[in-house]
Amino acid sequence: MESSTTIRITTALAVVILTGCTAMAPQYQPDFELVNTLKDVNLQNMQTGKFVSADPSIDKVTIRGSSLVSPYNNSYSEYLKNALSEELKQSALWDTNANIVISGELLENEMDASGFSIGEADLSARFLVSRDGTEVYNKVHTIHHEWASSFVGAVAIPNAINNYPIAVQKLIGALLLDIDLLNVTRVADTGSQ
Amino acid sequence: MLRPAAVLLLVAATLVSGCAHKIQITPQLEAMRNAQVPAPSEKNVGYFIPAAEREKAVITPGGGGDKITYAPYKQTEAALNTILGRAFSKVYSMRSTNDTNFIAEKNISYIFTPVIETSSSSSGIFTWPATDFSLKLTCTAVDANGNKVWNKTVTGEGHAEYNEFIKDFGLSGRRAAEAAYTEMLMEIANAGVF
């Protein structure tokens, strides 16, 4: 009898503890150090175009059995697009009529919280920039991000979730501070005397 | 000697109880971006959020005896940058209020410092998200010499029902933050002292 009760309780606990659940990725928070920098480099206004995921698996992020879902139509390429748009808006570089359009393809979107002390994210995306429809920039940026993790899932999972936007910040920073991008988006010096 | 069932219950209690649930209170910014306000001042401004405040997690009541936790300064910094950007030419995040080199280099005329106080509650006894949230926002502006030129306090209230917050656990907080920062934008834009 006692054995039967123990099995039932064990099963119930296993269900409670191990059942995979779904969490929503946090809304993107802009990097205001990057915003400060972008306000002073005299760039032309931009907008974002089409962002796609290279593979359906890109949009399936799992953290210790729990799914982390993008709040933008379950699409992480849409998450990246919204994050980039927000960074440009906070930097006063956004214009829905701008002739410079940044598009992208999310190539890698890996979150690994299996480690007991370190969590890791690896993100990679190809960014295409066009001016009046002509491609002026085409480059892949890749970032690696680490954070403190834990053996305890109740700590490790929230830490991983909260670090996804920071990983995206790093990817966007890699793009927006790339000298090649700055060169093609900088306001032309008219050289007037 | 504890029986196996008692051990399992103890483990369950340890794992399940005692945590505050993390939420996000970052508001939607479109209302602030589209608000009808006077043309922005040509002056540049800065804002200062102490590093400790930016990372500080606040814990307030949720529902069913549980608590919620969030970082009010970090999660609403975009709203502060947005409303100041509607009222002034350029807005800079500052690491201190007395960095005279930074103030001179960026031609900063005023420095804004926010103070945020929050409270929350819930009418639900079986769900942990807060159904009601209040965000009291005080902004103080000093000039480049540190002299206080303006101060205002506003309070935003947010409410969310179960069928709304089931998709967004911080919804009442987002709504309170949006209300507070939108009202603060109107106060700054119409202050007449900048």
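Reader: In which hand does α3(A) pass α4(A)?
Author: This is a predicted model. In it, the crossing of α3(A) with α4(A) is right-handed.

Reader: Which residues make that contact?
Author: From α3(A) come A:Y79, A:L80, A:A83, A:L84 and A:E87. From α4(A) come A:V168, A:I172 and A:L176.

Reader: At what angle do α3 and α4 of chain A pack, and how far apart are their axes?
Author: Helix α3 covers residues 76-90 of chain A, and helix α4 covers residues 153-176 of chain A. They pack at about 60°. Their axes lie 10 Å apart.

Reader: Why is α3(A) called oblique to α4(A)?
Author: Their angle is about 60°. Roughly perpendicular begins at 65 degrees, and roughly parallel means under 35. The pair therefore counts as oblique.

Reader: Now the strands. How do β2 and β5 of chain A run, parallel or antiparallel?
Author: Strand β2 (residues 47-53) and strand β5 (residues 100-112) of chain A run parallel. Five bridges join them. For a landmark, find A:F51, which stands opposite A:G104 in β5(A).

Reader: And how many bridges join β5(A) to β6 of chain A?
Author: Twelve bridges do, and these strands run antiparallel. Strand β6 spans residues 118-131 of chain A. Here A:V101 stands opposite A:S130 in β6(A).

Reader: Where do side chains point in a regular strand?
Author: They alternate between the two faces of the sheet.

How values were computed. Residues numbered from 1 in each chain as written. Chains lettered and ligands numbered in written order. Predicted model: local features only at pLDDT ≥ 70, side-chain atom pairs only at ≥ 80, totals over all residues. Pairing = 2+ DSSP bridges. Helix = DSSP H or I, 4+ residues; strand = E, 2+ residues; numbered from the N terminus. Axes fitted to C-alpha atoms, helices over the stretch in contact; angles between N-to-C directions. Parallel < 35°, antiparallel > 145°, perpendicular 65-115°, else oblique. Left-handed = near helix turned anticlockwise from the far one by under 90°. Contact = placed C-beta atoms within 7 Å.
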